[in-house]
Amino acid sequence: MSDRILGAACVAVGAAMAWAAKDYAAPISYEPVGPRAFPLLLAGLMVAGGAWLVVKPTMNGHWMREAPLKALAFAVVAVFVYALLFEWLGFTLATTVMAVPVGMAFGGSLPKSLAGGVGLGLVLYLLFDKALDVVLPTGLLSFLFGGR
Amino acid sequence: MDTLHYLFNGFGVALTATNLGVAALGALIGTIVGMLPGLGPINGVAILMPLAFALKLPPETALILLAAVYMGCEFGGRISSILLNVPGDAGAIMTAMDGYPMARQGLAGVALSISAWSSFIGSLVATTGIVLFAPLLARWALAFGPAEYFALMCFAFACITGLMGDAPMKAALAAVMGLSLSTVGLDSNSGVYRFTGGDVHLSDGIQFIVVVIGVFSISEILLMLEQHHSSDGIIKLTGRALFNLKEVAHTWWCTLRSAVVGFVVGVLPGAGATIASAMTYAMEKRIAGESGKFGEGDIRGVAAPEAANNASAAGSFVPMLTLGVPGSGTTAVMVGALSLYNITPGPALFQQNPNLVWGLIASMFVANVLLLFINIPMVGVFTRLLRTPNWLLVPGILAVSAVGVYSVHATTFDLMLMSAFGVIGFLLRKQGVPMAPLILGFVLGDMMEQNLRRALSITNGDPGILVESNISIGLWVAAIVMVTVPPLLRWRARRRARLAPAAG
């Protein structure tokens with residue numbers, strides 16, 4: 001079943017690509033092949049490959065059945081929230097906030113994950129920003145660390 | 001004799017204090033990354049690549065760092081294979097077959113040291129192979145025009161889909177996805193914005209790092225949630241810590257054979273360490289015949305796959321350096337790293353930038369020696385690191401990944417895109433879609449389109465040019481063989497397996 005879903009998704013994406021690419025044309029053209037050909041070729045291949053999977057699926061059924069959905073959802077949300085808060089909270093705080101749910105999804109207790117997050121946030125900040133000169137956002141803690 | 005002269009200069013580059021230090025650091029990090037189950041060379045190289053760039057390392061130093069990490073990973077993977085029965089990276093799967101039984105018999109120290117030794121020999125043979133063959137191939141490739149390059153890239157995709165095993169169609173789709181992603185952004189020939197949806201963040205294309213870290217690092221974290229390895233099962237190091245001369249003599253030819261096979265497999269685009277180690281394991285098992293105790297702790301079963309996976313890692317540098325077409329997912333990431341420096345690998349690099357090429361090759365010799373020293377006496381330190389709990393390790397990986405992505409453009413947009421690629425990559429990998437072809441497609445996409453357009457410009461649109469020269473015809477034939485023969489062989493093997501019980 002799920003190979004069919006993947007195939008159908010590929011067909012849909014390929015079709016959308018083709019639809020978006022159909023109007024790509026250079027205002028003044030110096031070459032026989034413009035900006036449209038290659039994307040259209042790829043869109044065609046994507047649709048063909050997807051259709052193949054719909055007709056001849058190789059993998060059936062068991063997809064995601066045994067997956068730990070709750071932990072997965074936790075981790076996915078944590079990753080996105082981390083990305084959103086990275087600049088605003090600053091690296092150290094954002095890392096602490098991220099490490100608690102992710103650490104707990106991987107079997108750590110609340111105090112352990114919290115301590116791990118604080119430790120990672122501080123150590124990696126000092127390592128990258130101060131020692132290696134890779135500039136990281138300081139966000140809400142900028143009064144402590146200076147910078148942005 | 002030119003080669004020796006260049007190699008000598010290369011050692012001049014490799015032995016400067018910075019590059020030596022970077023090689024040692026890379027070797028150390030690589031061994032750790034390779035050892036940790038779930039993290040392989042692609043993750044290691046992908047995470048370190050943006051950092052090397054952000055640290056403003058010169059291109060040859062950055063490349064030396066990444067190469068040392070790659071080689072270190074192939075060394076490190078064996079540690080968890082032998083002590084935990086869980087391969088540290090894909091290339092070390094076969095090492096667990098005999099390494100773990102050896103460790104249970106109290107021979108962990110011997111298994112670890114002989115596998116470090118054969119890893120060393122494998123890398124040494126393959127790096128020598130690079131010195132011998134890369135300049136020849138580069139000189140030959142100078143004659144390539146756009147049509148030949150287009151055919152060559154199609155050949156690379158044919159290899160990676162044909163050899164990928166059970167799901168060639170999914171590998172092909174992954175390659176098409178990668179190619180499609182590479183078309184996002186401004187088309188430099190015509191000034192048309194493609195697939196940007198009007199978003200300024202996408203106008204100069206999707207950042208390579210964002211894709212790589214997303215589909216390898218972030219998706220790996222999600223995959224790790226499903227595989228709980230406990231590190232309690234670690235076998236303690238007891239008994240003899242070093243192999244003896246008899247064991248070296250016993251494994252010598254098998255190591256050497258496997259190294260040569262590994263190198264050849266590594267040079268082929270698409271076929272990587274996993275295939276090389278599985279092939280040589282099967283080969284040595286057959287050669288040993290009745291005398292072997294493969295699967296129960298035969299020392300040759302440890303030496304062969306380790307020599308092969310290290311040799312294939314080094315071998316995969318050959319197509320990357322000489323043709324600009326990477327031979328493995330990891331070298332594809334390195335091509336992406338070079339593109340950050342506006343360097344396009346290819347045959348011209350040997351003439352334009354010999355210090356980079358030969359400095360890298362010389363550094364591979366240096367890193368190999370360093371790795372042998374790191375991996376034999378210090379193996380005890382690494383086994384202690386294997387006990388790092390996942391609740392600390394995984395947030396650490398995530399934080400370092402985000403730092404890498406952020407260090408390039410410093411935008412929240414890139415971080416969000418990274419997360420999205422992580423989820424998409426996770427779903428695709430769950431579905432059995434390999435990610436290496438996707439990365440290869442993403443790296444090669446622009447070059448492929450440019451060469452196609454340039455070739456067709458020469459003939460004013462006549463596609464006949466694509467099959468005009470002997471080189472292109474040869475490459476097309478090879479590509480067709482690559483996609484048709486492996487499935488045929490598999491089909492025949494399956495049929496024979498079905499018929500065998502009926503006949504017997």
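Trainee: Into which domains is chain A divided?

Mentor: Domain bounds are taken from an automatic or database domain assignment. For chain A the division gives domain 1 (1-67) and domain 2 (68-148). The centres of these two domains of chain A, taken over C-alpha atoms, are separated by 37 Å. Please note that this is a predicted model, in which local features need pLDDT of at least 70 and side-chain atom pairs count only at pLDDT 80 or more, while totals for chains, interfaces and linings use all residues. Residues are numbered from 1 along each chain as its sequence is written, chains are lettered from A and ligands numbered from 1 in the order in which they are written, and side-chain values use heavy atoms, with hydrogens and water left out.

Trainee: How many helices and strands does chain A have?

Mentor: Helices (H or I, at least four residues) and strands (E, at least two) are DSSP runs, numbered from the N terminus. Chain A has six helices and zero strands, and its pattern along the sequence reads α-α-α-α-α-α.

Trainee: What radius of gyration does chain A have, and what would a compact globule of 148 residues have?

Mentor: The radius of gyration is taken over C-alpha atoms, and the globule rule is 2.2 Å times the number of residues to the power 0.38. For 148 residues a compact globule would come near 15 Å, but chain A has 23 Å. The C-alpha trace of chain A spans about 60 × 50 × 20 Å along its principal axes.

Trainee: What does the radius of gyration of chain B agree with?

Mentor: Chain B has 22 Å, which agrees with a compact globule of 504 residues, for which the value would be near 23 Å. The C-alpha trace of chain B spans about 70 × 55 × 55 Å along its principal axes. Chain B has 20 helices and two strands.

Trainee: What percentage of the residues in chain B do buried residues make up?

Mentor: A residue is buried under 20% relative accessible area, exposed over 50%, and partly exposed in between (1.4 Å probe, protein chains only). Buried residues account for 62% of the 504 residues in chain B; in chain A they account for 41% of the 148 residues.

Trainee: Among contacts between residues at least 6 apart in chain B, what percentage join residues at least 24 apart?

Mentor: A contact requires heavy atoms within 4.5 Å. Of the contacts in chain B between residues at least 6 apart in sequence, 81% join residues at least 24 apart. In chain A, the corresponding value is 56%.

Trainee: Where is Ser328(B) found?

Mentor: Ser328(B) occupies the loop between helix H12 (317-323) and helix H13 (329-340) of chain B. Its relative accessibility is 11%, so Ser328(B) counts as buried. Apart from neighbours within four places in sequence, Ser328(B) contacts Tyr70(B) and Ser316(B). Ser328(B) and Pro269(B) are 59 residues apart in sequence, and their C-alpha atoms are 6.4 Å apart in space.

Trainee: Which residue meets Arg194(B) in a salt bridge?

Mentor: The partner of Arg194(B) is Glu449(B) (2.9 Å, N to O). Arg194(B) lies in strand E2 (residues 193-194) and Glu449(B) in helix H19 (residues 436-458) of chain B, so the pair ties together parts that are 255 residues apart in sequence. Both Arg194(B) and Glu449(B) are buried.

Trainee: With which residue does Arg429(B) form a salt bridge?

Mentor: Arg429(B) pairs with Glu220(B), the closest N and O atoms being 2.8 Å apart. This pair links distant parts of the chain, from helix H18 (residues 412-430) for Arg429(B) to helix H8 (residues 208-224) for Glu220(B), 209 residues apart. Arg429(B) is partly exposed at 24% relative accessible area, whereas Glu220(B) is buried at 10%.

Trainee: Which residues form a nonpolar patch on the surface?

Mentor: Patches consist of residues with over 30% relative accessible area and no salt bridge; like charges are joined within 9 Å, nonpolar side chains (Val, Leu, Ile, Met, Phe, Trp, Tyr) within 5 Å. Here the patch is formed by Val467(B), Ile473(B), Val477(B), Val481(B), Val485(B) and Leu489(B), with about 470 Å² of accessible area together. Accessible areas come from the Shrake-Rupley method with a 1.4 Å probe, and for residues only the protein chains shown count as cover. Leu489(B) lies in helix H20 (residues 470-503) of chain B and is partly exposed at 49% relative accessibility.

How values were computed: A salt bridge is a side-chain nitrogen of Lys or Arg within 4 Å of a carboxyl oxygen of Asp or Glu.
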